[in-house]
Amino acid sequence: MLRQYELVDRVLSYDPQADEALLNRAYVFSVNAHGSQKRASGDPYFSHPIEVAGILTDLHLDDETIATAILHDTIEDTVATPDEIKRLFGDNVARMVDGVTKLSKIEAQSETERSAENLRKFLLAMSDDIRVLLVKLADRLHNMRTLHYIKSEDKRRRIARETMDIYAPLAERIGMYEFMKEMQSLAFKELEPEAYESITRRLDALKVEGEDRIAKIGSGLKLLLSRGGIEAEVSGREKHPYSIWKKMSERHVSLEQLSDIMAFRATVETEEECYRALGVIHRRWPMVPGRFKDYISTPKRNGYRSLHTTVILADNQRVEIQIRTRDMHAQAEYGLAAHWAYKQDAVRPDTQVSWIRDLIEILEHADSPEELLEHTRMAMYQDRIFAFSPAGELIQLPKGATPIDFAYAVHSNIGDQAVGAKVNGQVVPLRTEIQQGDQVQILRSKAQEPQANWLNFAITGKARAAIRRHIRHKERDETMRLGRKLYDEIVTRLPTPPGASALKDALKRLKLADEATLMEAIARRKLTDRQVMEAVMPGSATGDEHEHPPQQHAIEIKGLTSGVAFDFAIDCRPIPGDRIVGLRRAGKPIEVHAIECAHLADSDEEDWIDLTWGDKAEGGIARIAVTLKNEPGALGAIATLIGQHKANILELRMDNRDTTFHTNVIELEVRNAAHLMKLLAALRAADVVSSAERA
């Protein structure tokens, strides 16, 4: 453990103007506050925050960040209070300590909810001051280094999984690759001990077989560049076990088949020399197709810049080579932390890490802990591709992203209004997968709104959170509108019209917060008609539970959306023109049935409500069964006939087939029942059709 003077000397070595008194006060306060507390290793607890501070001195961070690291566990694990930290160490340190502190006293029902709430608070604090993230990453790194001291295997695995899913990706997203690699390796060792041991053992065996191979290739690369007039520092290493295991899993190959397990880095003086060095290397050795990446002209979203290529050496050995300048190397090793050196002005996240804004937007719109964790992992933990807008703006997306992900990455309004896309000038569906380097143009309409089926192909957390948010709001709005229609109809059955304050009084009697909650409860049948009547006008629904005035007016569903405020029954497929009734069951949307539907017989009549389509309602999905002669062109003939009648085939399947006839069940978009009847009449008149009926 670092002694007090050693820690202070480290900070003063790179920042002679650092507040030495602040660091000394923080050190003494932490030691006294943690007192005799012990870690699982048996070491004094205060050794942990001191070691975390030591990790951050390697990054040359400012005195406030070092003080925060020293104090980061005091509020959670000691009797120290936020006010005390603020009084002794100032507003900035107090705010950062609070940001790092876990919500240990949270009232939560599950581990998922606790994790999500801790993550929510941490991300919000991080958005205010990115140094919170740097302290948290150093804290997690030291905890992973001492993870083996924890006796509970379940706890070790939970911490390792959280590290792999949240903290290693966070480190990667801000370019702190050394932190990321060490955390991944330590988590991998805990989560997949057999795989870790196997890969480590085989790597050791390879070292014995060719212990000077890396040195030989490195010296050869340095000599090659020198002859080309480029002086470079060259270093080589084997990739870490988790990186190798991931490649083996993705490519479904053994370690022996994995040829590019060695990586070399050439560090040069200027950006121009990076490209010259690349040319020298490619003239000497053939490049592996598809393995060249230019992160200098198109940096990663975390600011990472470098040239990557994989070449095949004379003995058919593949090696990866990275070429970068010294400044690029500092950014690659420490990422955002490189910008937070003591001499820099405060770096706000909106200028340095734009993806944090996406995380905060997800925070604001997540409906549940599970959704928050799912979307946050999506936002952080996926391989990236590059796509371009028509104006040349570079947009980074995860592999497998679609135009809807691209649209939401540009702006939420563009995503909400997307109706299609052009990829490389060609109109494509929104579910099309974007490839590396594609140019994407989003086609928009102000009349468009997010669709529920977009969730089937949207893969970014930002897009999915925005779509779900819209669906939730629309569902609530339409449910309240339906509830209002039901309420207005219920009121007409009262003995006399209610007074002006009747609704407000009803809310008090029902102990509901507001009018919107009442309307939603009526629509979802959390309240019966009788309960509503009694609340609005006590004594109005007398007699037996089921004896109250019957419904007098049908409820109009025009203007409401199927699948949101109500659902169409899939067994009878009602369309405008059919007489319809609704089934109301507690906590569920109203289910709309045609009056002839056989399934209505299985329900209680008291669950029925009369519904009407509304004036000139159009548009529905009908199902028909068409029996055709088994001859060439029969199916094409009826498809043509359906098209001529302005109906649209959504789905077609063959139910049965014999030597003479075959029956097809077809789902169609039609305007109304009259439109469907005309179509059925036309089909029955066709020579190839034996029968056509509504199914």
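Asn672 sits in the loop that joins strand E18 (661–670) to helix H27 (673–685); helices (H or I, at least four residues) and strands (E, at least two) are DSSP runs numbered from the N terminus. The model is predicted: local features need pLDDT of at least 70 and side-chain atom pairs count only at pLDDT 80 or more, while totals for chains, interfaces and linings use all residues. Residues are numbered from 1 along each chain as its sequence is written, and side-chain values use heavy atoms, with hydrogens and water left out.

Loop residue
- A polar atom of the Asn672 side chain lies 2.8 Å from the backbone nitrogen of His675.
- Leaving aside residues up to four places away in sequence, Asn672 touches Ile575, Pro576 and Glu618 (contact: heavy atoms within 4.5 Å).

Helix pair
- Helix H26 (residues 634–644) packs against H27 at an angle of about 150°, and the axes are 10 Å apart (axes are lines fitted to C-alpha atoms over the stretch in contact, with angles from 0 to 180 degrees between N-to-C directions).
- H26 is therefore roughly antiparallel to H27 (angles over 145 degrees).
- Ile638, Leu641 and Ile642 in H26 meet Leu679, Ala682 and Leu683 in H27.

Confidence
- The protein chain has an average pLDDT (confidence in each residue, from 0 to 100) of 83, and 85% of the residues score at least 70.
- Among the elements of the protein chain, mean pLDDT is lowest in helix H17 (residues 349–352), at 40, and highest in helix H15 (residues 271–284), at 94.
- Over residues 341–353 the pLDDT is below 50, and this stretch has 23 contacts in the model beyond near neighbours in sequence.

Note on methods: pLDDT is the predictor's confidence in each residue, from 0 to 100. A polar contact is a pair of N or O atoms within 3.5 Å; within protein, one must be able to donate a hydrogen and the other to accept it, and residues adjacent in sequence count only if both atoms are side-chain atoms. Angles under 35 degrees count as roughly parallel, over 145 as roughly antiparallel, 65 to 115 as roughly perpendicular and the rest as oblique.
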